[in-house]
Amino acid sequence: MKLSLATLGLLAVSAMQGAQATLGADSSSATSQSAYACLVNNGYTRFVGRAYMEAYGNNPGGKVDTSAVTSYKNAYAAGASNFDVYMFPCTGRSTCKSAATQVQELAALFLNNGMTKVGTVWLDVEVDPNANNWPSVTSNKATLTAFKTALNNSGLKWGVYASKSQWTTVTGSLSWVLDSTKPLWYPHYDNTKSFSDFTSFGGWTKPTIKQYAGSTSICGANVDLNYYG
């Protein structure tokens, strides 16, 4: 089949874009240096680890996840270009620590473990049906606003992890805005390394990261896969 010069040009641009795409992976558990090294060798260079969990059964609820310390050190030792963390906060219960306390504990984890190269802290906004962690739209908005204030006061760089459906469920509206100046990381498991599927919500018109595949076994680790454009 003969291809026109225009078609060849489009193919060349597409190939260049694919080659320049930045990929990464995230995990909720400690990941070894050898696994990170394998991931880096396979083109995944940016990583995210869980650094805070809801621990809703505790009184008070919410605690740091020290597995992030191990993952952080192992990732950079393996040649990672960036390491972010996410926090799955304790919300929706009277026994949860305040948003300010949870963020302070997270910041202390970084300080006490020499984690000076943490990139972005991602606030994970999704429903845990076992915990009833986002019980009502009114209280949910107040809680999100409290975390926004706490994160801003901490001086940490932060963003939001959420899908359109989860955001609508939690806030009661597709268009409710927490802070659209902060970066957005959204999940859509279509195994496509592209933002072409994204449609605006929460005031965000452009995402920063797409989690395009979940629970993937690669390089001896169980991770989700991410596209950075």
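## Briefing on the predicted model

Glycine 24 is found in strand E1, where helices (H or I, at least four residues) and strands (E, at least two) are DSSP runs numbered from the N terminus. This is a predicted model, in which local features need pLDDT of at least 70 and side-chain atom pairs count only at pLDDT 80 or more, whereas totals for chains, interfaces and linings use all residues. Residues are numbered from 1 along each chain as its sequence is written, and side-chain values use heavy atoms, with hydrogens and water left out.

**Glycine 24**

- Glycine 24 is buried, with a relative accessible area of 0%; buried means under 20% relative accessible area, exposed over 50%, and partly exposed in between, with a 1.4 Å probe and protein chains only.
- Leaving aside neighbours within four places in sequence, glycine 24 is in contact with Tyr44, Thr45, Arg46, Asp224, Leu225, Asn226 and Tyr228, contact being heavy atoms within 4.5 Å.
- Between glycine 24 and leucine 184, which are 160 residues apart in sequence, the C-alpha to C-alpha distance is 15 Å.

**Overall form**

- The chain has six helices and nine strands, and its C-alpha atoms fill a box of roughly 70 × 40 × 30 Å along the principal axes.
- Of the 229 residues in the chain, 44% are buried, and among contacts between residues at least 6 apart in sequence, 67% join residues at least 24 apart.

**Nonpolar cores**

- The largest nonpolar core has 54 residues, of which Phe47, Val125, Leu144, Val160 and Trp167 touch the most other members; such a core is a set of buried Ala, Val, Leu, Ile, Met, Phe, Trp, Tyr and Cys residues joined through side-chain atoms within 4.5 Å.
- A second, separate core of eight residues includes Val48, Trp122, Trp185 and Ile209.
- In soluble globular proteins, nonpolar side chains tend to be buried together.

- Leucine 39 is found in helix H2 and counts as buried at 1% relative accessibility.
- Not counting residues up to four places away in sequence, leucine 39 touches Tyr44, Phe47, Ile218 and Cys219; the C-alpha atoms of leucine 39 and glycine 220, 181 residues apart along the chain, are separated by 9.6 Å.
- Helix H3 (residues 67-77) is mostly covered, with eight of its 11 residues buried, and what covers these buried residues includes H2, E2, strand E4 (82-87), helix H4 (99-112) and strand E5 (118-124).

**Cavity and pocket**

- A search of the whole structure finds one cavity of 30 Å³ or more, and about 50 Å³ of space lies in the largest cavity. On a 1 Å grid over the protein atoms alone, a cavity is a set of points where a 1.4 Å probe fits but cannot get out, and a pocket is an open set with protein on both sides within 12 Å along at least five of seven lines, lining residues having an atom within 4 Å of a point. Grid points are joined across faces, edges and corners, and a volume is the space filled by probe spheres set on the points.
- Strand E1 (23-27), helix H2 (33-41) and strand E2 (44-53) each supply at least two residues of the lining of the largest cavity.
- The largest pocket holds about 360 Å³ of space and is lined by 22 residues, of which Asp26, Glu126, Tyr189, Gln211 and Asp224 lie nearest its centre.
- E9 gives the most to the lining of the largest pocket, with three residues.

**Backbone features**

- A cis peptide bond, with omega about 10°, joins asparagine 59 and proline 60, and proline 60 is found in the loop between E2 and strand E3 (63-64).
- Asparagine 191, in the loop between E7 and E8, has a positive phi near 55° and is exposed, with a relative accessible area of 54%.
- Cysteine 219, found in the loop between E8 and E9, has a positive phi near 55°.
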